[in-house]
Amino acid sequence: ALRITDECINCDVCEPQCPNTAISMGPEHYIIDPDRCTEAWAKCQVFCPVECIEVDPDHTEDRETLEAKFRRLAVS
Ligand code: SF4
């Protein structure tokens with residue numbers, strides 16, 4: 001999964017880019033729900049103007065795991 005760092009300026013750009021609705025406003029800045037993040041084309045990373053979205057070291061997953069999560073979310 002990806003995560004958003006403290007550098008986030010709450011610009012709202014990434015939230016609509018996520019196909020899994022994994023991004024939401026947290027207590028201080030936008031956050032990513034690791035249970036919903038499938039790193040789908042990493043579109044949020046591409047659009048973030050301050051490049052504050054990175055791989056979450058606590059939730060590193062291989063491509064197979066991410067695809068299985070994406071399929072699970074698609075049917076739920
Ligand atoms: Fe924060 Fe980047 Fe998302 Fe903007 S695009 S809300 S700066 S994480």
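Among contacts in the protein chain between residues at least 6 apart in sequence, what percentage join residues at least 24 apart? The answer is 64%, where contact means heavy atoms within 4.5 Å. This is a predicted model, in which local features need pLDDT of at least 70 and side-chain atom pairs count only at pLDDT 80 or more, while totals for chains, interfaces and linings use all residues. Residues are numbered from 1 along each chain as its sequence is written, and side-chain values use heavy atoms, with hydrogens and water left out.

View 1. The C-alpha trace spans about 30 × 25 × 20 Å along its principal axes. Of the 76 residues, 36% count as buried, a term for under 20% relative accessible area, with exposed over 50% and partly exposed in between (1.4 Å probe, protein chains only).

**View 2. The largest nonpolar core has 16 residues.** Such a core is a set of buried Ala, Val, Leu, Ile, Met, Phe, Trp, Tyr and Cys residues joined through side-chain atoms within 4.5 Å. Leu-2, Ile-4, Ile-23, Ile-32 and Ile-53 touch the most other members. The elements giving two or more residues to this core are β1 (2-4) and β3 (30-32). Leaving aside neighbours within four places in sequence, the contacts of Ile-23 include Ile-4, Cys-14, Tyr-30, Ile-32 and Cys-44.

**View 3. His-29 sits in the loop between β2 (23-25) and β3.** With a relative accessible area of 12%, His-29 is buried. Its side chain makes a polar contact with that of Asp-6 at 3.2 Å. (A polar contact is a pair of N or O atoms within 3.5 Å; within protein, one must be able to donate a hydrogen and the other to accept it, and residues adjacent in sequence count only if both atoms are side-chain atoms.) Beyond four places in sequence, His-29 also contacts Ile-4, Thr-5, Cys-8, Asn-10 and Ser-24.

**View 4. Thr-38 lies in the loop between β3 and α1 (43-47).** Thr-38 is buried at 4% relative accessibility. A 2.7 Å polar contact joins its side chain to that of Asn-20. Arg-63 is 25 residues away along the chain, yet the C-alpha atoms of Thr-38 and Arg-63 are separated by 8.9 Å. Other residues in contact with Thr-38 include Leu-66, Phe-70 and Leu-73.

**View 5. The structure holds zero disulfides.** A disulfide would be a pair of cysteine sulfur atoms within 2.5 Å. For Cys-37, the nearest cysteine sulfur is that of Cys-44, 6.4 Å away. Cys-37 is buried at 6% relative accessible area, and Cys-14 is buried at 8%.

**View 6. Asp-12 and Ala-42 have positive phi values.** Asp-12, in the loop between β1 and β2, has phi near 75° and is partly exposed at 42% relative accessibility. Ala-42, in the loop between β3 and α1, has phi near 45° and is buried at 16%.

Notes: Helices (H or I, at least four residues) and strands (E, at least two) are DSSP runs, numbered from the N terminus.
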